[in-house]
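Subject: Structure handover

Hello,

Please find the structure below. My notes on it follow.

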Amino acid sequence: MNLKKYLVRALHRLQKGPGYTYKELLVWYCDNTNTHGPKRIIKEGPKKKLIWFFLTLLFASLVFWQWGILINTYLSYNVTSSLSIGFKTMKFPAVTICNANPFKYSEVKHLLKELDRLIEAALERILQPTPGNGSEDVFPPLDLELWNQIPLVLIDEHDKDNPVILDIFETNQTAVGNETAMANETKKKYKLAVKLCSHQGSDNCTYRNFSSAAQAVTEWYILQSTSILSKVPLHDRIRMGYQAEDMILACLYGAEPCNYKNFTQIYHPDHGNCYIFNWGMDEEALNSSNPGAEFGLKLILDISQQDYIPYLSSAAGARLMLHQQKSFPFLKDQGIYAMAGTETSIGVLVDELERMGYPYSDCTMNGSDVPVKNLYSQYNTSYSIQACLRSCFQNHMVEICGCGHYMFPLPEGVTYCNNEENPGWAYCYSSLRSSIKQRQICIDSCKETCNDTQYKMTISMADWPSEASEDWIFHILSYERDMSTNVTLDRNGIIKLNIYFQEYNYRTISESAATTIVWLLSSLGGQFGFWMGGSVLCLIEFGEIIIDSLWITVINVIGWCKGLKQRQARFPDAPPTVSELVEAHTNLGFQHEAAGAAPRPEALPPEPGTPPPNYDSLRVRPLDGLGPDSDAD
């Protein structure tokens, strides 16, 4: 009932304004709107009316076209980058230092003994191929089972369409010796490659070619040593690496002395034992009081180059990296080398990156919205895209190959790959690493961090110590480390580092929205006002006319429904035909029965009523028309 009253009031309000029909409403709008074009359409003559109608339609189309472009530009969520320079006391970065060689050769020699004998024999056959120089001549015999798991092969490319694969430790050594001797004349036609098969003895194999035999030997040795070292417990691997008290000879931060106890030890698969200064895990991060070398970190390191693994580490020096507190150091990607026998000075500049989050960019604050499980969270470190990419690769490795790679942390309940338990792991790993599809899946799954700090380094080097001072410096350092008067250190193992802020100016690169809601509204209003002379009030008028048209539609629908209900009340069944209506009019006893209605019981005929009067007897007739019997009547 209240709805009916409300609609009636709305109808009365429409009666005072636009009218009952759509045509009246449209004419009323054109006559009363503040937009310039519609008024001229109804007030001008026929020709001008057509011109103004065309112009209004054209400019309205331009407005909507411009609005579409503006809205699309706003919804693209573009950003602009701004650079600002500030000055403040800054936290000194975390400094991670590792040896380029992960293990002391004296500690792992017993594990790599057979591997070293194999590669030495293989290099002898490659470099000095002579008939009869085979594996059976070596005593004790070589472990060819270890070799056949991941063998090195020679590829003869004299005929590029039909290359010949030559096994270095083939049984028929004379034939191979003759072939390799002939190859001395055309050494460039032979290439050394690593043969990787899905399982031992399988024909499903791939060959990793290298432009240099040195690269092939290093890659082969890394794959074989990875399989061997993956079976060694973690505490034994830490014991076989370089210890902090042996590697860090001297430390000075600003004017305060420090030592190896101020470093946090972590095990890094690529570099063995690494040591982090100012990591901020247990203590608050240190601040730098002033820029300049005298206020930075000074270190003297001993890398013990004489104890390097000959076929695993071809580079000598220290690997170091500057990074944020509580972040994991990915030295293979972002680290730098410091050369032995030099003093390396590293001046640091700080760049702070501030990215806008969703919807402007697909960055993350802490990695909680990333679908990849972060395997580096076991170190209690913060999220980084490098950690995400490696975790994603390791998860795919576990899923596809059935084991985890030695260079990455393991998910729970998974073991590292090795040749005995997983014979085809190297083939699977190589296929997965070269798969563009798997790489793209990880790139799409991982996100950049919204806030990041980058350290830009300026590196300079000089020989250290000088020839004039090396004698007394090596005597002092040897005595402090070994309590010996003999010199146990030399130029090939000593590194001096100076790490400091160049200046306290830091750069902040921040993103801001290129288009805001204020920009959008002003641009929309500007286009509407330029092309049609309208404003926000004109839009309100347009909204009003839409509401009025909806009210007219609602009232028309209600009226139609009401009329339909009345027709159904008059004819509850099917409406009678014309013949039935005529029959009902002429025959008073006729009653229309709907089709399919149940027959009514037989009823008695109606009692006759009083006949109607004979109106002809009341009509006056002339006298001559009366008969002789009239008087009698």
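Two strands count as paired if DSSP finds at least two bridges between them. Helices (H or I, at least four residues) and strands (E, at least two) are DSSP runs, numbered from the N terminus. This is a predicted model, in which local features need pLDDT of at least 70 and side-chain atom pairs count only at pLDDT 80 or more, while totals for chains, interfaces and linings use all residues. Residues are numbered from 1 along each chain as its sequence is written, and side-chain values use heavy atoms, with hydrogens and water left out.

Strand S7 first. Strand S7 (residues 248–253) pairs with strand S8 (residues 256–258) in the antiparallel sense, over three bridges. In this pair, Cys251 stands opposite Cys258 of S8. Two residues lie between S7 and S8, which form a hairpin, and Gly254 in the turn has a positive phi of about 65 degrees. S7 also pairs with strand S11 (residues 297–302), again in the antiparallel sense, with five bridges. There, Ile248 stands opposite Leu301 in S11.

Strands of a sheet pair through backbone hydrogen bonds, either parallel or antiparallel. Here four strands are ordered S4-S3-S5-S6, with antiparallel pairing. Strand S4 (164–167) and strand S6 (205–209) are the edge strands, each pairing on one side only. From one strand to the next, the twist averages 40 degrees; axes are lines fitted to C-alpha atoms, for helices over the stretch in contact, and angles run from 0 to 180 degrees between N-to-C directions. Strand S5 (residues 190–197) is joined to S6 by five bridges, and Lys195 has Tyr207 in S6 as its bridge partner.

Helix H8 (residues 213–229) lies across S3 (152–156), S5 and S6, at about 20 degrees to S5. Which residues does Glu219 contact, leaving aside its neighbours within four places in sequence? They are Arg208, Phe210 and Arg433, where contact means heavy atoms within 4.5 Å. Glu219 lies in H8 and counts as buried because its relative accessibility is 15%; buried means under 20% relative accessible area, exposed over 50%, and partly exposed in between (1.4 Å probe, protein chains only).

Last, a residue of another helix. Phe53 is in helix H4 (residues 46–75). Its relative accessibility is 45%, so Phe53 counts as partly exposed.

Regards
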